[in-house]
Amino acid sequence: MRRDYTERGELVEAHLAADWPTQFAAWFADAVAYGLAEPNAMIVATASAEGRPSARTVLLKEYDRRGFVFFTNYESRKGSELAANPYVSLAFPWFAMQRQVLVTGSVERVTRAETEDYFASRPRGSQLGAWASPQSRVLPDRAAVEAGLTAAQDRFGAGPVPAPPHWGGFRVLPDTVEFWQGRSSRLHDRLRFARTAEGVWILERLAP
């Protein structure tokens, strides 16, 4: 099962934007225009305090020069691991375009106001689901999920659903942002913006 990456061209320094937010915005717009299913889906990798890794796919909800934002139950596995070990990596697997964006960095919680603003924009079913599910906990069966939803519906009735206190956003503060373009013979182009100890961003080319 092998495919040679030949259709999408090259990524050279002269084609790259001056900073990672501008380059990410351009590639993200390309992914949307290409028609990728859920182009904001990203793999989030965390690790426990003991260094045992875990990964899952979540949806990017915001990005700017500060970093990349996603929302979750703070008591979930990823939430608990980030509380104990606040470092993360992200991967945007845009393989239909023969591209990836790879990010490493640390995390901080977004403000409660940011969480509440985003939560208010969610569909009501998703709002109730945030209250219904003790995310990542072991359950006896599907009926326990349905019971949690019923309890949330009974609790809030037809009224507004507030953001749970245990639910909110993380902002990934990047140290590196790599733009990966597939090339023939596995000699891919890899250009990485990296932040130095002094806080200055530099551009590096990595071996494929």
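1. Basis. The model is predicted, so local features need pLDDT of at least 70 and side-chain atom pairs count only at pLDDT 80 or more, whereas totals for chains, interfaces and linings use all residues. Residues are numbered from 1 along each chain as its sequence is written, and side-chain values use heavy atoms, with hydrogens and water left out.

2. Helix crossing. Helix H4 (residues 124-132) and helix H5 (residues 142-156) have axes that come within 8 Å and cross at roughly 110 degrees. H4 is therefore roughly perpendicular to H5, a label that applies from 65 to 115 degrees. Helices here are DSSP runs (H or I, at least four residues) and strands likewise (E, at least two), numbered from the N terminus. Axes are lines fitted to C-alpha atoms, for helices over the stretch in contact, with angles from 0 to 180 degrees between N-to-C directions.

3. Handedness and contact. The crossing of H4 past H5 is right-handed. H4 contributes Arg124, Leu128, Trp131 and Ala132 to the contact, and H5 contributes Gly148, Leu149, Ala152, Gln153, Arg155 and Phe156; contact means heavy atoms within 4.5 Å. Sorted by class, the contact of H4 with H5 has six nonpolar, two polar and two charged residues, with Gly counted as polar.

4. Salt bridges. The count is 15 salt bridges, each defined as a side-chain nitrogen of Lys or Arg within 4 Å of a carboxyl oxygen of Asp or Glu.

5. Arg99 and Asp30. These side chains meet in a salt bridge at 3.0 Å, N to O. Arg99 is in strand S6 (residues 99-109) and Asp30 in helix H1 (residues 20-34), so the pair links distant parts of the chain, 69 residues apart. Arg99 counts as buried at 10% relative accessibility, while Asp30 counts as partly exposed at 32%. Buried means under 20% relative accessible area, exposed over 50%, and partly exposed in between (1.4 Å probe, protein chains only).

6. Asp189 and its partners. Asp189 forms a salt bridge with Arg183 (2.7 Å, N to O) and another with Arg205 (3.0 Å, N to O). Because Arg205 lies in strand S9 (residues 201-205) and Asp189 in strand S8 (residues 189-195), the latter pair ties together parts that are 16 residues apart in sequence. Asp189 is buried at 6% relative accessibility; Arg183 is partly exposed at 26%, and Arg205 is partly exposed at 39%.

7. Network. Salt bridges link Glu13, Arg183, Asp189 and Arg205 in a network.

Methods: Parallel < 35°, antiparallel > 145°, perpendicular 65-115°, else oblique. Left-handed = near helix turned anticlockwise from the far one by under 90°.
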